[in-house]
Each structure stands twice: as C-alpha cells, then as structure tokens.
Amino acid sequence: MVRDGRRRWLRRALLVPYAWLLLFFLAPFLIILKISVADPVVALPPFTALFDWAASGWDRIQATFDNYLFLFQDRYYATIYLSSIKTAAISTFLCLLIGYPMAYFIARQPPHRRGLLLLGIILPFWISFLLRVYAWIGLLNTNGVINNLLQWLGLIDQPLSLIYNDFAVYIGIVYSYLPFMILPLYANLERLDSSLLEAAADLGARRWRTFVDVTLPLSRPGIIAGSLLVFIPAIGEFIIPALLGGSDTLMIGRALWDEFFINRDWPVASAVSVVLLMILVLPMMWFQKVQGREVEDSR
Amino acid sequence: MKKRGTGLLTIAAFGYAFLYVPILSVVVYSFNDSRLVTLWGGFSLRWYKSLLENEEILGAALLSLQIAVVSATVATVFGTIAGLALHRIGRFRGRTLLTGMITSPLVMPEIITGISLLFLFITLSDWIGWPGARGAVTITIAHITFSMAYVAVVVRSRLAGSDESLEEAAMDLGGRPLRVFFDITVPTIAPAMISGWLLAFTLSLDDVVIASFVSGPGATTLPMLIFSKVKLGVTPDINALATVIIALVSVGVVAAALLIRRKT
C-alpha cells in the first residue's frame, strides 16, 4: 500500500524525462526518416514541406525514394561506406592488438598497483577528445615533433608526410578509443578464475598454450565488448578524419557533414544518415546482447 | 617466467607512452617562446598571457561552462528518474520504448543526433515559432538529451548492486514516499549521480559535432572555437588553453580517485 504510493510518485516523475525523450530523441529521428524521402528544393530549409504530405496523400512516396536510389546508384557513396567500415575495422584490430596485452598486464598486477594503472588509462579519456586529436597534429606535422626528431637523429633527410592521410586517421582513432578497448577487457580478465590457469599449468600446458586454450576463449566477451565499443563510434567518426585525414580520406561522417553544410542537400544527407544507422543496427544489437549477458554473469 | 614478464612490461610501457606522449608534447610546447610551433625558442609564458587577453576564447569558455553546468544538472535529474523507474517499476506501458530511447543515444553517431535535432528545431519553429533563434538554449537541450542516457546507465548499474530492504523497512515504518526517497534512496545512489553528473559535464564541454549543428550564428562554444582554429593547424595559444584544461582535468580526476580510495 505504502510502496504503491512511492511507485505512483516515481511514475508521475517519469513522465517528464519520458516526454523529453519522445520530443527530443524520437521525434527528430522520425523527422529525419521523413526528410530522407522528401524532394530537395532550393530554399531554406532546403527540403519540401514534409507535413503537406498528409494532405497530398501517399502517392507522392514513390517519386521520393529517389534519394535512396541515388545513394545506391552512386558509386561514391558505396565506396565511402565500405571505406568507413574498413577504417573502423582496421583501427579496432589495432586497438585490440595494443589493448589486450595492456589489459592483461594490469589484471596480472597485485591489486594495490592496479588502481593507479587503471587511473592512467582513464585519465586521457576525461581530457577533451578534441584536444587529444589536436595533440597529434603537432606530433605528425611536416615540421612537427616526430619529423624534427628523426631529422635531428639523421635518420631521414626529407620530412615524412605523416599527416593528412589515412595513416594519421588510424593513429587518431586508435589513440582516442584505446581506453574503450582496455576497460571492458580488463573487467573481464580481472574476473578470470586463476585456478583454471593453475590447473592448466599443473597438467603441463605451456604458458602460450594455456593462453590460447584457456585465457583467450574465456576473455571472448571482453574482446567483443571492447571491439564493438571502438568499432561503432569509429564508423561515424567526424573529428578525426576532419583534422588528421587528407582530402582523399573517405569517411562517412565527413561526407555527411559536407553533404549537409556544403552541398546543402538535406534529403540526401538524411538518406545517408538512415543508411548509416542501418549499417550500425547489427553491431549495436550485438553489443546490447553481450552487455546483457555480462550483467547477468556478474550478478 | 621472467622473459614473459619483461615482454608484457615492454608492451605496457609502450602503451602508456603512446597515451601520454602527445599530451605531454602539447604541454611542453605551450611554454615555447617561438611563434613557430616547431622551433624551441626558450621558455615563456606569453601564450598564457595572450590567452587571458583573448576575449573571444574567454567568452566561449564561459558559454561552454554555463551550458555544461545546466545540461549536466538537468540530465542527472532526468537520468536518475529514468534509471530508477527502469529498475524499480517492474512493468509499465512504454517500458520497451523507454529502454530503447535511453540506451540508443549511447551508440548513436553524434553527427546523426546533430542533424536530426536541427531538423526538429527547424520544424518546431515553423509550427509554433519556438525556438526562434538557435543558440545556447538549443545546445543545452541537445546536451541534456544525450547526457541523460549516460547518467541512466551509471545509476542503473549502481541500483543493480543495491539492497532494497532498507527502503522497504522505512516504508513499513510509515515513512512518506518523498521522505524515504531523499533520506535513503538518494544517499544510496549519490555516488552514481555524482559520477553521472561529471560524465555529463565532461561530454557537454567536449562536444563539437552536435553543437555545430544545433547552434546559431550568435553562440560559439569553446570546442567549436577550438575546432575552427585547429582545422588550420597548430596554434600556440590553443596549446596554452589545452594545457590549462589538461591540468584542471588531471587534478580533478586524481583528487576524485584519492577521495574514493580513502572512503573504501
């Protein structure tokens, strides 16, 4: 009876954030869906008045899937989507390659030392993302720190072109998202039952064998969670390709920005967004599934 | 045994160097006297001085701080209510929708959040004349929307490990719902609310993409200003600004870590 009172209070309070999310999260999403099937017109806002639709009837829809047809027929967009996926996949793999040994190293330290080592991973995450990407401009520039150092050491005569290309984008993504890889991996490796490792060792398994046969399979949820946490945001990344990438760096986030601000073709930009979301739905659902299982395991 | 240990240690050391060398290089070069960012012209504080005199940067910083404080506070309230409701109210109409709406912003590409919110604001001002001009208010709304998702996640994970029997006892003893809420529930989830607030505050202070879409000509936040400056390359006064921010964040994070350690 009394408890019902509190629930009622919570229910009432919930209406405010609920309405907020309906208005500022769901409604914008529906609008973008609608605009993606609108005709572009040269005006501000540069799309046909969507809400005349209801009046003009559904017969207009057929004509307006043009924006999607355009995306599928235009080689440019197919290339950009594929290249974004490739960039995100390679960066994720590099993150895993660096992040796994680091997470393993921290998890194997005595507990009193782990806190400090973890703090060292988390601290860069709290420092502005933008400024951390910016820091790489100073390092990679033609007359930046790395080129100066190599020239001073006499290893190179001409400065290397390290920035404004795909290489710099990979470095930027790996650098920015490394903590997202390490933290779930650490959370997983830290829980690893060490008696299993001891059993394997007692049975005469070599260290490497134990790692491949016991540790690696057991850390699979951590690997998947960490990889998805890097992969999903990396696909739609804008700041890193904009600051470190070259003019030939193809990333969907940047193409979307240009379509929106430079070409001002809002219906095509909306269609590009919707297709990007469809690409992301699978990894997102996978992530939610893995997370759900993790929560249950830790209970 | 020893061999494996040193191998791991080397990789870990390399990893930490990778994380910190870029940050340290910005800090070092912020004290460089030379206007050319590449040459070392001796120690100087001139960029800090020019930073203090730069009203454009100071104004943008003030605007960003205001937006961050307001949006983090509102997001903490909303996110806490949503997190509590999802944990405490077993079944209610629209639960699935709420779960979807509160977790999606976590994985939604910023650029899509930005575009879709801009469309909403344009549509709304067409329909009801609000918001007339986009600026601080629209940025704040956008930041509340994505930050409350983070707060809700943090609060929910705290509640997952909490014990409800205290509240039930208080209720059985005749405590009024609101009283029980503020005396028992809030202290239980306070650590989660604080870290949620800090997370929301940081995310707001860091956002370039969403703000660029939903802002108008009048309002430029600090990250928007930094972004437009560094697109053209390295500038010494941004080095100084970055160093100030790095110092503030580091002190804050280390202090928070020490505080948590003392408590446990």
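Colleague: How many residue pairs are in polar contact across the interface of chain B and chain A?

Modeller: This is a predicted model, in which local features need pLDDT of at least 70, side-chain atom pairs count only at pLDDT 80 or more, and totals for chains, interfaces and linings use all residues. Side-chain values use heavy atoms, with hydrogens and water left out; residues are numbered from 1 along each chain as its sequence is written, and chains are lettered from A and ligands numbered from 1 in the order in which they are written. A polar contact is a pair of N or O atoms within 3.5 Å; within protein, one must be able to donate a hydrogen and the other to accept it, and residues adjacent in sequence count only if both atoms are side-chain atoms. With both residues at pLDDT 80 or more, the number of pairs found across this interface is eight.

Colleague: Which helix gives the most to the side of chain B that touches chain A?

Modeller: Helices are DSSP runs (H or I, at least four residues; strands are E, at least two), numbered from the N terminus. With 15 residues, the one that gives the most is helix H1 (residues 2-29) of chain B.

Colleague: By class, how many nonpolar residues has that side of chain B?

Modeller: Ala, Val, Leu, Ile, Met, Phe, Trp, Tyr, Cys and Pro count as nonpolar, Asp, Glu, Lys and Arg as charged, and the others, Gly among them, as polar. The side of chain B that touches chain A has 17 polar residues, 11 charged residues and, as its nonpolar count, 65.

Colleague: How much area do chain B and chain A bury between them?

Modeller: In contact, meaning heavy atoms within 4.5 Å, are 93 residues of chain B and 87 residues of chain A. Buried area is the accessible area (1.4 Å probe) that two parts lose on being put together, summed over both. Carbon and sulfur atoms carry 82% of it, and the area is about 8,300 Å².

Colleague: Which residues in chain B lose the most area to chain A?

Modeller: Three residues together make up 8% of what that side buries. They are B:Phe18, B:Met101 and B:Phe119.

Colleague: How many salt bridges are there between chain B and chain A?

Modeller: A salt bridge needs a side-chain nitrogen of Lys or Arg within 4 Å of a carboxyl oxygen of Asp or Glu. Over all chains, the search finds seven. Between chain B and chain A the count is zero.

Colleague: A:Arg114 and A:Glu190 meet in a salt bridge; how many residues apart are they?

Modeller: Their side chains come to 3.7 Å, N to O. A:Arg114 is in helix H6 (residues 111-126) of chain A and A:Glu190 in helix H9 (residues 166-191) of chain A, so-called distant parts of the chain, and their separation in residues is 76.

Colleague: How many helices does chain B have?

Modeller: The C-alpha trace of chain B spans about 70 × 70 × 30 Å along its principal axes. Its secondary structure has zero strands, and the helices come to 11.
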